[in-house]
Amino acid sequence: MTQALEAPLSISAFTFDQTGGHFSHLACKECGTEYEPKATHVCQECFGPLEVKYDYESLKRTVTRERIEAGPNSIWRYRDFLPVTSENPIDVGTGMTPLLKANRLAKRLGLKELYIKNDAVNMPTLSFKDRVVSVALTRAKELGFDTVSCASTGNLANSTAAIAAHANLDCCVFIPSDLEAGKVLGTLIYGPTVMAVKGNYDQVNRLCSEVANTHGWGFVNINLRPYYSEGSKTLGYEVAEQLGWKLPDHIVAPLASGSLFTKIYKGFQEFIKTGLVEAKDVRCSGAQALGCSPIYEAFKEGRDFIKPVKPKTIAKSIAIGNPADGIYAVEQARNTNGHIEAATDEEIIEGMKLLAETEGIFTETAGGTTIAVLKKLAEQGKINPDETTVAYITGNGLKTQEAVQSHAGEPLTIDPKLDSFERAWDRAQTLDRLEWQQASV
Ligand SMILES: *Cc1c(COP(=O)(O)O)cnc(C)c1O
């Protein structure tokens, strides 16, 4: 199936889709030009990104806390707020991940009310990307695509391949050729065609834009991007619902393209707009790896444009050198009195270990980045200890084992004899635990 780029339509020309859903059209984030809700993502007038628009009056009449609570135990309990019309969206159990009160980590950081939103255990592929892909592939089916694709830093390929398999869609994904083994195998196992491109993510993405034009496939983060990105709003909705229908005071989330960060905030605003929670100014802080930190640099230098960079960091899943929503992320951090900070690779590894040792959560490098930045902001007094703070953990550590392989210590190998155990146990006791940790960093 080939999809030509859609010409802009005047609003009066819309035939509002009455088959379900409260979304009406796409509109350019920059100039407001409106488009039919098809597979298109760039404004033809000004090249700005397109975003899904909703009828909030109709939403306000429909949604209630009770209606949501009675829904499925997945992101689809919020389907009124998502850009789909299907009776049966693709539900593979994505979403409703734990919101953990992180008392031990809070104590270490001098905070009082800290929560971890744990998408390291999201379903089916253990990252937050399952949210955006569940929405994008549901929309892809509605729009008649039979082949789906993506340009991925790893997790997106895992999600697209897995959910496409479940939804009986053909799948061809594109990844940089230097990804972690767990991310590559975690894609191949679902049987898609995998293109490992000799280049970085930004080059993969450029190639995919060309393929999208020539092959007419549904690229979840290119021509389906307006729908895809809406899936991240559920990370805002869930936290609000899990806090007892309240918004947090401060959030800390990782930044790759900046999409997740801006959509969590959009989710909060929509809950306020429809009367589901009381209004509150939520401070939004973002985390980047210093080895790929174009959003952090723009924030720090007070710029209103992004200077693309070449990524060089172990945090590959968030290594986007030319982030599509980067400038919106900078604006959001500024406007909400938040911050954007960056962490070195060493700090990222320490962040992964800190979260594991205090809260029992093994996150990947992106999560290590978030924890490292959370720690920095707490130490710099940029998070008020009394603020209800939520740190978003977006991926699972088993997928990036390379990063911590030589930093986690070794098991003590013993003979199957009691005296062998006793000797090893004595040795373990005399090893100062802290020295142990430092020696292994
Ligand atoms: C993709 C990804 C992100 C951030 O994605 P955005 O492009 O900013 O929406 C964060 N964490 C992990 C683990 C990811 O895979």
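The model is predicted, so local features need pLDDT of at least 70, side-chain atom pairs count only at pLDDT 80 or more, and totals for chains, interfaces and linings use all residues. Residues are numbered from 1 along each chain as its sequence is written, and side-chain values use heavy atoms, with hydrogens and water left out.

Start with the domains. Their bounds come from an automatic or database domain assignment. The assignment gives domain 1 (11-54), domain 2 (99-126 + 232-404), domain 3 (129-228) and domain 4 (413-441).

Look at domains 1 and 3. Their C-alpha centres lie 23 Å apart. Nine residues of domain 1 are in contact with nine residues of domain 3; contact means heavy atoms within 4.5 Å. Between them the two domains bury about 700 Å², 65% of it on carbon and sulfur atoms. Buried area is the accessible area (1.4 Å probe) that two parts lose on being put together, summed over both. Ala-39, His-41 and Val-52 supply 55% of the area that domain 1 buries against domain 3.

Now go to the cores. A nonpolar core is a set of buried Ala, Val, Leu, Ile, Met, Phe, Trp, Tyr and Cys residues joined through side-chain atoms within 4.5 Å. Buried means under 20% relative accessible area, exposed over 50%, and partly exposed in between (1.4 Å probe, protein chains only). The largest nonpolar core has 77 residues. Leu-137, Phe-271 and Tyr-392 have the most contacts inside this core. Its largest share, six residues, comes from helix α5 (residues 155-167). Helices (H or I, at least four residues) and strands (E, at least two) are DSSP runs, numbered from the N terminus. Apart from this core lies another, of 42 residues, with Ala-106, Leu-111, Ala-315 and Ala-372 among them.

Next, find helix α12 (residues 326-335). Seven of its ten residues are buried. They pack against α10 (259-273), β11 (283-289), α11 (294-300) and β12 (340-343). Tyr-328 is found in this helix. Tyr-328 counts as buried because its relative accessibility is 11%. Leaving aside neighbours within four places in sequence, Tyr-328 is in contact with Lys-29, Glu-30, Pro-49 and Thr-262. Just after α12, Asn-337 takes a positive phi of about 65 degrees.

Finish with charge. Side chains of opposite charge can pair when their charged atoms come close. A salt bridge is a side-chain nitrogen of Lys or Arg within 4 Å of a carboxyl oxygen of Asp or Glu. The structure holds 27 salt bridges. One of them joins Glu-51 and Lys-263 (3.2 Å, N to O). Glu-51 lies in strand β3 and Lys-263 in helix α10, so the pair ties together parts that are 212 residues apart in sequence. Glu-51 is buried, with a relative accessible area of 12%. Lys-263 counts as buried at 7% relative accessibility.

Another salt bridge joins Asp-325 and Arg-225 (3.0 Å, N to O). Asp-325 sits in the loop between α11 and α12, while Arg-225 is in helix α8 (residues 225-230), 100 residues apart. Glu-270 forms a salt bridge with Lys-233, the closest N and O atoms being 2.9 Å apart. Glu-270 belongs to helix α10 and Lys-233 to helix α9 (residues 233-242). Both residues are buried. Salt bridges that share partners join Glu-51, Lys-53, Glu-230, Lys-233, Lys-263, Lys-266 and Glu-270 into one network.
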